[in-house]
Amino acid sequence: MLSQLKGHCFFVGGFFFSFFLVFPVLCSPLELSILFLFNFIFDVSIDRVGLSSGFRCRCYVKLQTPSRAAGVDPDPLRGRAWSLLLHVSATFEAGVSRNPAARNELKRTESAAKVRSSRAMAPKQRGKKRSVEADTDTDEPSGPRKGANKFIGAHVSVAGGVWKAVEASVAMGARSFALFLGSQRSWRRPALDGAAADKFRAACRTHGFHPDHIVPHGSYLMNCGSPKEDVFEKSRAMLVDELSRCCALGLHQFNFHPGAATGSSPADCVERIAQAINHAHQQTPAVVTVLENMSGQGSTVGGRFSELRAIIDRVRDQARVGVCLDTCHAFAAGYDLSAAGGVEATLKEFDREVGLRYLRAVHLNDSKGKLGCHLDRHEDIGRGEIGLDAFRDIVNDPRLDNIPLILETPGRPGFEYPEQIKLLYSLCEK
Ligand SMILES: [Zn+2]
Ligand SMILES: [Zn+2]
């Protein structure tokens, strides 16, 4: 009852906020009339299907969030587009909301939009704002939402177009995702299609995926640590190309395997990787290069956290370097996540060697291989040598809040990405 009343007040407040404060600033009188008409049809139709005021309130939260972000957007045209797009999308979602799965999806989208809004509005008070929102979330009529600060997703396919990655993530209940930005087989790749990039950016906005929760993964062909001049040159050029693609897609970070020494010394390899990163930073604006820890297979570097640190030490713009921690790779490299307190010990060591401030993402993979085996063999969550308890600790660790937690597991019938994501959220205690 109380929450219904609260929802209703919010709805009325939202209405006045949108139509008398936000839209007149952002829209022309004609656009405002169209919006008003839209709103009327929208309200009548949601009354017809008998949705609660709580639901309406959520639609309005979603509607206003980008409007507020648009208020701080220096480009007024984009601000208007935001408002219109959001209104249309809220209307559409009201249409699909009779389906329970779609309702859940809306809740997730809204929560991501809240995080985005808190970032846009008050970056310095992010922590404070978040906890207030989490409190608000817990007295929703549908019960507390667990794992609100955890952004779990998977590495998804871009077959059919780069925006398909967004659609696939929505369908599997993900709140973050990883993707490849080009073919894994070829050094020469066709240029990114501008229309496809626009479609990708629009899909991310519509479904509430913030760029910080999207981590493109580098091509496996790339070896920025290669002692062979031609391979090094090609890898360096590919790194520049990948970062440019990130820019075109509106993404902030790019994750890749540091490289392999292939006959040279690890120290030389580290030096070349840093050179390639420095070169790519010079050639591109503002994308963070995110190094992944490795299993230590063959001559790859980055198995030990100290090797990642050695690369970071040689990068000139350290604001543009980060680390993605792969649980399978860490375990295979000898960090015992499966032991009681293993997650805590590993994160402590990571903090000591690298610094948690560099941690931009986690790859959530169980391991087929045993501790210290140096084999890069991923297993489904809880079905490998690391075990479910470690993943429970991971999804309940506040140090891993608000960063993408990405699955790269093989999957098996009945236990594919959607089920593994669901399992991981069910392990969240708050
Ligand atoms: Zn990887
Ligand atoms: Zn791997």
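Predicted model: local features only at pLDDT ≥ 70, side-chain atom pairs only at ≥ 80, totals over all residues.

User: What does Ile406 touch?
Analyst: Leaving out residues up to four places away in sequence, its contacts include Phe177, Val215, His363 and Leu364.

User: Switching topic: is strand S6 buried or exposed?
Analyst: Five of the five residues of S6 (residues 288–292) are buried, so the strand is largely enclosed by the rest of the structure.

User: And which way do they point from S6?
Analyst: Val288, Val290 and Glu292 point one way, while Thr289 and Leu291 point the other way. In a regular strand, side chains alternate between the two faces of the sheet.

User: In what sense does S6 pair with S8?
Analyst: Those two pair in the parallel sense over four bridges, with Leu291 and Val323 as bridge partners. Strand S4 (residues 253–256) also pairs with S6 in the parallel sense, over four bridges.

User: Now helix H13. Which of its residues are buried?
Analyst: Gly342, Val343, Thr346, Leu347 and Phe350. They cover an arc of only 130° around the axis, which puts them on the same side of H13.

User: What do they pack against?
Analyst: Helices H11 (305–314), H12 (327–332) and H14 (388–395), plus strand S8 (321–326).

User: And which exposed residues are on the face turned away?
Analyst: Lys348 and Arg352 sit there. Just after H13, Gly355 takes a positive phi of about 110°.

Definitions and conventions: Residues numbered from 1 in each chain as written. Chains lettered and ligands numbered in written order. Buried ≥ 20, exposed ≤ 12 C-beta atoms within 10 Å, placed from the backbone. Arc of directions from axis to C-beta. Contact = placed C-beta atoms within 7 Å. Pairing = 2+ DSSP bridges.
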